Each structure stands twice: as C-alpha cells, then as structure tokens.
Amino acid sequence: WRIRFDIFELERAYNQMRYALVIQDEFSGYIWVYTLPGKTQEEFVQALKTFSRMLKAQYDLYIYRIRRDNDRSLGNQFDDWVRQKGIKDEPCPPHIKEPNGGSERSEGVVRPRALAMQLAANLPSDLWPETWPAAAYFHNRSPREQNGWKTPRETLLKWLRVNNKDVADLMDQPNVTNVYTYGCRAYPIRKEVLEDQEKVARKTKPRTHIGYLVGYGGSNIYRI
C-alpha cells in the first residue's frame with residue numbers, strides 16, 4: 001500500500017499543537033490529518049506508528065512504500081522504523097517538491113478548504129486542529145475527478161472489498177445524512193446532567209450549553 005505524506009507548520013493552536021501531518025493514499029486520494037505539538041523525531045514517528053496500527057486493525061493493510069519530501073528533520077528514528085518494517089522509502093531530491101506532488105496537493109486541498117470553513121463559521125484561527133481534520137473529512141466524502149467522480153472513501157472501500165479485506169462499513173458510498181453546516185450552533189447536554197449531579201439546582205438551570213460544530217468523530221459523534 002503506497003502513501004504520501006508531508007508536515008506543515010501552522011500557528012500555535014488552542015491545544016498547543018503546531019504541526020499538521022497530512023497523509024494521503026495514492027490510489028484513492030483519501031486523506032488523514034494528524035496534529036502534532038512539535039516536529040521531534042519521537043512525535044513524528046509515533047504518529048506514523050499510530051497510523052500504521054490503524055491500517056492494520058481497520059483494513060488489514062501494511063505500508064509498503066512512502067513518498068515524501070527529503071526532510072532531514074525526520075532523523076534516524078524514521079529511517080530505523082522504515083527499515084524495521086521493510087517499507088520502501090522514496091524521498092524526493094532536495095529542494096524539489098514535484099515528485100511528492102500528491103501530499104503537496106493534499107495540503108492545497110485541505111488548507112484552503114479549512115480556511116474557508118473557518119472564515120465562514122467565524123471561528124478563531126487557533127482552532128485549526130479542528131478545521132483541518134474536518135476539511136479532510138469533507139474531502140474524503142466529496143466526488144473527485146481523478147476517481148471518476150467517486151469519493152475517495154468510496155474508491156478506497158471498493159478497492160478493499162475487491163482485495164478481500166474486512167470492511168466494517170456496510171455501504172461504499174458515504175452517508176452524509178449526519179452532516180450539518182460547519183460552525184452551526186449546537187446544544188450539548190451539560191456534563192452535570194449526564195453524570196446525574198446537581199439534581200436540585202438543575203431544576204431551574206438549563207440542561208444544555210451553547211456550542212458550535214467544529215468536527216466529526218464518527219457517523220454520529222460530533223465535536224462541539
């Protein structure tokens with residue numbers, strides 16, 4: 001299984017994150033976004049290990065090839081992990097980004113879409129750890145010309161089924177009935193109510209508080 005990735009530096013976020021690791025499946029164009037507090041070897045390699053474990057657990061896939069920029073900051077830990085796993089590493093020549101165009105283009109897809117969503121919802125810029133994954137979520141469920149106007153998610157799931165991989169999803173086409181306007185007002189139930197606390201006080205207090213939709217954790221899980 002062949003992937004591309006790149007790391008992008010952004011402003012320090014509300015949760016102290018500073019970097020976005022953008023990973024793209026070369027075949028389907030499916031994008032994953034991991035947020036990192038720093039660019040140390042440990043943080044970066046741990047994110048790749050987490051991604052690799054997810055692939056194995058969810059799709060029974062192994063990473064065979066990685067295309068990337070020739071970023072020297074990845075260090076020996078990345079080289080050791082690649083050799084240990086038997087992955088073919090394909091860095092592009094120094095100071096040249098064209099061979100790794102996929103991940104560069106994925107940033108070109110995620111960044112402007114995330115910025116447009118943030119501005120339209122009037123959200124602060126330091127919420128990018130929410131807007132970037134949300135932009136990838138919408139990208140993966142949007143038709144793509146390179147896929148014959150099928151979504152990256154549908155293309156990936158069909159490939160998995162054809163290759164006899166276990167897929168938990170019952171339908172290849174994405175279900176978008178759970179999608180709401182990004183940044184819309186939401187009313188999550190207060191923690192005290194869920195935990196059955198403040199039984200007397202909550203008789204005259206609101207059961208919910210006002211929030212805003214900033215992301216999706218699953219088909220029926222929202223980030224407020």
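This is a predicted model: local features need pLDDT of at least 70, side-chain atom pairs count only at pLDDT 80 or more; totals for chains, interfaces and linings use all residues.
1. Residues are numbered from 1 along each chain as its sequence is written, and side-chain values use heavy atoms, leaving out hydrogens and water.

2. With a relative accessible area of 48%, Y180 is partly exposed (between buried, under 20%, and exposed, over 50%; 1.4 Å probe, protein chains only).

3. Now the largest pocket: its space comes to about 1,000 Å³. A pocket is an open set of points on a 1 Å grid over the protein atoms alone, with protein on both sides within 12 Å along at least five of seven lines; lining residues have an atom within 4 Å of a point. A volume is the space filled by probe spheres set on the points, which are joined across faces, edges and corners.

4. Of the 34 residues lining this pocket, Y137, R141, Y216, G217 and G218 lie nearest its centre. Helix α4 gives the most to the lining, with 7 residues.

5. There is also a cavity (grid points where a 1.4 Å probe fits but cannot get out). The largest cavity has a volume of about 40 Å³, and its lining consists of F5, D6, I7, R68, D69, D71 and L74. Strand β1 (residues 2-9) gives the most to that lining, with 3 residues.

Technical notes
Helices (H or I, at least four residues) and strands (E, at least two) are DSSP runs, numbered from the N terminus.
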